[in-house]
Amino acid sequence: MKHEITEKKAAAMLGVTRSRVSQLVKDKLLDAITINGKVRISEESILLYGEESKRPGRPSRTSYATASRHVLMNGAHEVASVVYDSALDEPLAVEEVIDASRAPIGVLTAGGSPKRRELNDWWLHRAIPASRPGLESKLASLGVDTPSNLAIRSLGLSLSDCYWLRPQATPELAWDDISFFGNPFVESSPDGWDSWLSGVGLSSPDNTSEGELPKKWVAAQDGTRYLLKGCRTDDQRPFNEAVATALFRRILLPEDYVAYDVVPTADGPASRCANFLSGTEEFVPAVYLKDRGGRIRATSNYDRFCRTMGALGVDEGAVRTMLSKMILCDVVLANSDRHWRNFGAIRDIETLGLRMAPIFDTGNCLWFSRSEREVQTGEWAFRAVPFGPDPAAALACIDDLSWFDPSAMDGFVDEACDILSQSRHATAPGRLDFIREGLTRNIALVQDAAKLLTPRIARGR
């Protein structure tokens, strides 16, 4: 890169004072070197700063020293040219939108203009959260200051969607050659203190694994990608996923849910599930969909979401059935963690068609976090978010129970307790009996609600 421009000439090119150019050099917003005591600036950095400063909104703080230029890709499709500046709190900025239809849902206005805050919120939630065990020391060892900068080391590739950042300097890179869906990646080691984070910072989908529990991706010999999810202070949550799977198998269709089993690791039991996406699909969390319908008149959050999905081209009846299944199962399992990010839709990146995603991530259930005192005093109440403050309110949203066979619940409590008997945490004194009684109560609640709802559904709402 040539550094030939004097501060005086740079000031003329930018239409600013020479002292302002000196400040830009000091702030590293211009790329400069000192030769024999004289500052010389690269023309490229002057042109870049000039382009950025003309954009609407607050002045750009993009540093030439820390910024890199990319094309945001969705599979093989170019979405936008972007600048990534690792020194900024909001590192991603769109220069030009190329294909608005394939951009992440919610990061553009209705007219196709970029929304920087929403874009960076989307990027942040594709990164490992700061609460991941051991991440702080891992970041320090990699020389990375924030989790959102980790993904750049593997082009932002993920196994939850098909987005990636193709460096502008390497336009020859092709999706089929680098996708984690079909190509090898670095897997975290099977044991050792760093077993859940050893792939982080390398060419691994672990760089973009959201969630506070230890997680890692592995590839089986047949090519199936499996997500392993560990535990922290307790070992119950992996077994909770197995209990949820047992319930789903009793009352749902195979395509309605993601099946989990429990596998041993050096750090204790972990739940395991196969990736439910193909290399041409992305998971779209409900948080990005729920407000896409505009001013839709609805009776509840549940009704609004169903109508919004209908307005987006999804069969509204299928949405209501799927949410009814999710709500009923969450009530049975006392799942208080069904937030707007762990359910949603699947979008095909080629056709752009949407459909509801299967039910997944039900580990934070069965009162796993209840204290010994709460177990002893029988505190089974829980919040049934996001469709109701309590189980009764959530069940009242349901408008399709044609799929539900109450007799399929016979024997489920015994099956659930048998699975949980393998958990050290769940078998602490009094806890398994507490769970047994809680499940019995919730099943009775669901069955009573079914009796009341069926006549109302038959009459229409």
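**Close-up 1. The largest pocket of this predicted model.** The largest pocket has a volume of about 900 Å³. Of its 44 lining residues, S160, E210, K215, R341 and F360 are the closest to its centre. A pocket here is found on a 1 Å grid over the protein atoms alone: it is an open set of points with protein on both sides within 12 Å along at least five of seven lines, and lining residues have an atom within 4 Å of a point. Grid points are joined across faces, edges and corners, and the volume is the space filled by probe spheres set on the points. This is a predicted model, in which local features need pLDDT of at least 70 and side-chain atom pairs count only at pLDDT 80 or more, while totals for chains, interfaces and linings use all residues. Residues are numbered from 1 along each chain as its sequence is written, and side-chain values use heavy atoms, with hydrogens and water left out.

**Close-up 2. What lines the largest pocket.** Strand 8 (215-219), strand 9 (225-229), helix 7 (236-251), strand 11 (268-274) and strand 12 each supply at least two lining residues. Which strand gives the largest share of this lining? That is strand 12, with four residues. Helices (H or I, at least four residues) and strands (E, at least two) are DSSP runs, numbered from the N terminus. Sorted by class, the lining has 20 nonpolar, twelve polar and twelve charged residues. Ala, Val, Leu, Ile, Met, Phe, Trp, Tyr, Cys and Pro count as nonpolar, Asp, Glu, Lys and Arg as charged, and the others, Gly among them, as polar.

**Close-up 3. Strand 13 and its two partners.** Strand 13 (residues 344-348) is largely enclosed by the rest of the structure, because four of its five residues are buried. Buried means under 20% relative accessible area, exposed over 50%, and partly exposed in between (1.4 Å probe, protein chains only). Strand 13 pairs with strand 12 (residues 281-285) in the antiparallel sense over five bridges, and three bridges join strand 13 to strand 14 (residues 354-356), again antiparallel. Two strands pair if DSSP finds at least two bridges between them. Look for R347: it is the bridge partner of E282, and it also stands opposite L354 in strand 14. Strands 13 and 14 form a hairpin with five residues between them, and L352 in the turn has a positive phi of about 65 degrees.

**Close-up 4. R320 in helix 9.** R320 lies in helix 9 (residues 316-333). Is R320 buried or exposed? It counts as buried, because its relative accessibility is 13%. The side chain of R320 makes a polar contact with the side chain of D303 at 2.6 Å. A polar contact is a pair of N or O atoms within 3.5 Å; within protein, one must be able to donate a hydrogen and the other to accept it, and residues adjacent in sequence count only if both atoms are side-chain atoms. Leaving aside neighbours within four places in sequence, R320 is in contact (heavy atoms within 4.5 Å) with Y302, D303, C306, R307 and D399.

**Close-up 5. The largest cavity.** The largest cavity has a volume of about 70 Å³. A cavity is a set of grid points where a 1.4 Å probe fits but cannot get out. Helix 9 gives the largest share of the lining, four residues. The lining includes M326, F387 and A394, and by class it has eight nonpolar, one polar and two charged residues.
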